[in-house]
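I set out below what I looked up in this structure, entry by entry.

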Amino acid sequence: MKCPVCNSESHEILKTKGKNTKEILIKCNECGNTFRETIKIPKMVDCRVIISKFSQSEKKQIKLYPDEILQVGEVLVVDGDEVEITSLENNRGGRVSKIQVLELETIWATSLAGPARVGISIDYGGRVLSRKVEVERDFQFAVDDVVKMGKAVFRIKSMKTITSKIRKGSAPAEQIKRVYGRPASHKDKFQYELTSKIVENEDID
């Protein structure tokens, strides 16, 4: 909003009234002129959100302004819980990374409540031992870590994250989909243990 006298955009709001249409009394910080502006506040609309938590999905609603812009990776609060947008579907059935709410059909998101679930696969030269573990979302896995999980002691060789596969460095559990490892040498000492974190067995011969 520009001052009609000096065109300055530096101002102070003195008073507002109204709900859907607000009348605002403004004071210019440059010349001291006071003037009024009327702003129409758009009505919020109900948007469908499908929230994934591990293997389950839940459908919910969130109220948003139609001119609001959403993008993948953004965090929303739905019924008091934080969720991260993983995909956006427009009203033509296409998936996009950024969208105006006016064109939105469905928000696809993942829950940020509770622990992260990470898949672990250990390759025994043709036989793969797979498990799923639940750890804190900020728990760091790193390539070359030596880990104990049940009777298995293995070294992490690579990790598949939400966006890529990495063969060096580390990543937090909330970004990791699967950890790949191979049996460690009997001389190697494990750095941490995941035995108590196992939630699901998936033996693959």
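**Entry 1: cysteines.** I counted zero disulfides, taking a disulfide as a pair of cysteine sulfur atoms within 2.5 Å. I found Cys6 in no disulfide; its nearest cysteine sulfur is that of Cys28, 3.6 Å away. Cys31 is likewise in no disulfide, and the nearest cysteine sulfur, belonging to Cys3, is 3.7 Å away. I then looked up exposure, where buried means under 20% relative accessible area, exposed means over 50% and partly exposed lies in between (1.4 Å probe, protein chains only). Cys6 is partly exposed at 34% relative accessibility, and Cys31 is partly exposed at 39%.

**Entry 2: basis.** I note that this is a predicted model, in which local features need pLDDT of at least 70 and side-chain atom pairs count only at pLDDT 80 or more, while totals for chains, interfaces and linings use all residues. Residues are numbered from 1 along each chain as its sequence is written, and side-chain values use heavy atoms, with hydrogens and water left out.

**Entry 3: the whole chain.** I recorded zero helices and 21 strands in the protein chain; helices (H or I, at least four residues) and strands (E, at least two) are DSSP runs, numbered from the N terminus. The radius of gyration is 26 Å, well over the 17 Å that the globule rule gives for 205 residues, so the protein chain is more spread out than a compact globule. Here the radius is taken over C-alpha atoms, and the globule rule is 2.2 Å times the number of residues to the power 0.38. Along the principal axes, the C-alpha atoms fill a box of roughly 80 × 35 × 25 Å. Of the 205 residues, 33% are buried.

**Entry 4: Lys60.** Where does Lys60 lie? I located Lys60 in strand β5, which covers residues 56–64. Is Lys60 buried or exposed? Lys60 counts as buried, at 18% relative accessibility. Leaving aside residues up to four places away in sequence, Lys60 touches Cys47, Arg48, Val49, Ile51, Val78 and Asp79, a contact being heavy atoms within 4.5 Å. Lys60 and Phe35 are 25 residues apart along the chain, and their C-alpha atoms are separated by 43 Å.

**Entry 5: Phe141.** I placed Phe141 in strand β14 (residues 140–142). Phe141 is buried, with a relative accessible area of 0%. From C-alpha to C-alpha, Phe141 and Lys15 are 53 Å apart in space, and they are 126 residues apart in sequence.
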